[in-house]
Amino acid sequence: MKEELLVDSYYMFNFNGLKSGQNSLLPPAGRTFDNQSNSFTLNYAKVGLEVDADPVTIRADLGYGYMGGILTGTPGQAFVAQQAFASLKIPGTQLTLDMGRFVTSAGAEVIEANKNWLYSRSFLFAIIPFYHTGARLTLKANDMLTVQASVVNSQGAPDPDINSGKVVGLQAVITPLATTSILATGYFGREGAQGNAGPEKITLDLVVAHNVSDALGLNLNVDYVKYDQAHAIGAALMARFVASEHLNLAARGEFLSDKGILIAPSPLTGLVSRTLIEGTVMAGVPFAGHFEARAEVRGDFSGDAIYPGDAAGSKNQFTGTIAFLGFI
């Protein structure tokens, strides 16, 4: 049996709260998992269990915290089954069949903060699914190629499914060099209410990861999402440098051209095209192999005044975050 434990907590200060004399309780806009300011926040406490009874493996990850409501799409719901699935290694083949709920195969980042280079998530992570419920089949063709196909309920709609249509997922993982990996993922399917097929939603995700050296790593993430008249395309570049056993440095820069995917249309303005830019720097201090303190400063920028500030809003927002991660 394998056990995995995580406690993720943080304190954020939103500098935009100072613009109009308000306090920093103003939540930052356009953010995924770090949107509580001027408050100590238990973001996520997770227990993961995995039992390997070859050829069957059972995995369950259960979580509690503010992030639970974000993952489920139900504000205030702290508990969440992040994933729970059974895997079967099909005898005599290189195929693995998973059935249940599993985290998405797309993206350069994951739900657990300790497994990411930076604490806050990118815009791109906010526009892809977090997890799926269904079945997936993975084939490891050789050391350079792994392919995956899945049939799942949806790309983030409530679970269980609310319509009869299903989503098809495809992925190829190519490792041309020991230092380089390329992951191409796509999800395709109609999303609508029961009795209404709804428009097709397309999510395309590309991740290129390269280790320059044992100390320096680079990640490039490109996403395209289209749903009816709404669409978004963006790219993020991330870097991480391990300076010493007790210090790592990370940075991310990204842009997103968004029309109703990240920032939902309002009744007053409808669909609006926006270009969003984000820059983040972080210093992490690991300790004893099971704890890390992270200090992060992030700036978000837009051509429109979409961020909190004075009465007219602001075209930028700046936050500072201290995060504490304990994990086993």
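**Exercise 1.** Which residue lies over the face of phenylalanine 123, and at what distance from the ring centre?

*Solution.* Keep in mind that you're working with a predicted model. Start at the ring of phenylalanine 123 and look over its face: there you find arginine 298, 5.3 Å from the ring centre. Now try the ring of phenylalanine 85: the charged end of arginine 136 sits over it, 5.4 Å from the centre.

**Exercise 2.** Classify the aromatic pair of phenylalanine 33 and phenylalanine 130, then say whether each residue is buried or exposed.

*Solution.* Step one: the ring centres are 5.3 Å apart, and the cut-off for a pair is 6.5 Å. By this rule the count comes to 10 aromatic pairs. Step two: the planes make an angle of 45°, so this pair is tilted. Step three: find the two partners along the chain. Phenylalanine 33 is in the loop between β1 and β2, while phenylalanine 130 is in the loop between α2 and β6, 97 residues apart. Step four: buried means under 20% relative accessible area, so phenylalanine 33 at 1% is buried, and phenylalanine 130 at 15% counts as buried too. Ring pairs also link Phe33 and Phe130 with Phe125 into a cluster.

**Exercise 3.** Trace how β7 pairs with β6 and with β8.

*Solution.* Begin with β6: it runs antiparallel to β7 (residues 145-152), and eight bridges join them. The two strands form a hairpin with two residues between them.

Definitions and conventions. Residues are numbered from 1 along each chain as its sequence is written. This is a predicted model: local features need pLDDT of at least 70, side-chain atom pairs count only at pLDDT 80 or more; totals for chains, interfaces and linings use all residues. Side-chain values use heavy atoms; hydrogens and water are left out. Rings of Phe, Tyr and Trp (its six-membered ring) pair if their centres lie within 6.5 Å; planes under 30 degrees apart count as stacked, over 60 as edge-to-face and the rest as tilted. Helices (H or I, at least four residues) and strands (E, at least two) are DSSP runs, numbered from the N terminus. Buried means under 20% relative accessible area, exposed over 50%, partly exposed in between (1.4 Å probe, protein chains only). A charge sits over a ring if NZ of Lys or CZ of Arg is within 6 Å of the ring centre and within 35 degrees of the ring normal. Two strands pair if DSSP finds at least two bridges between them.
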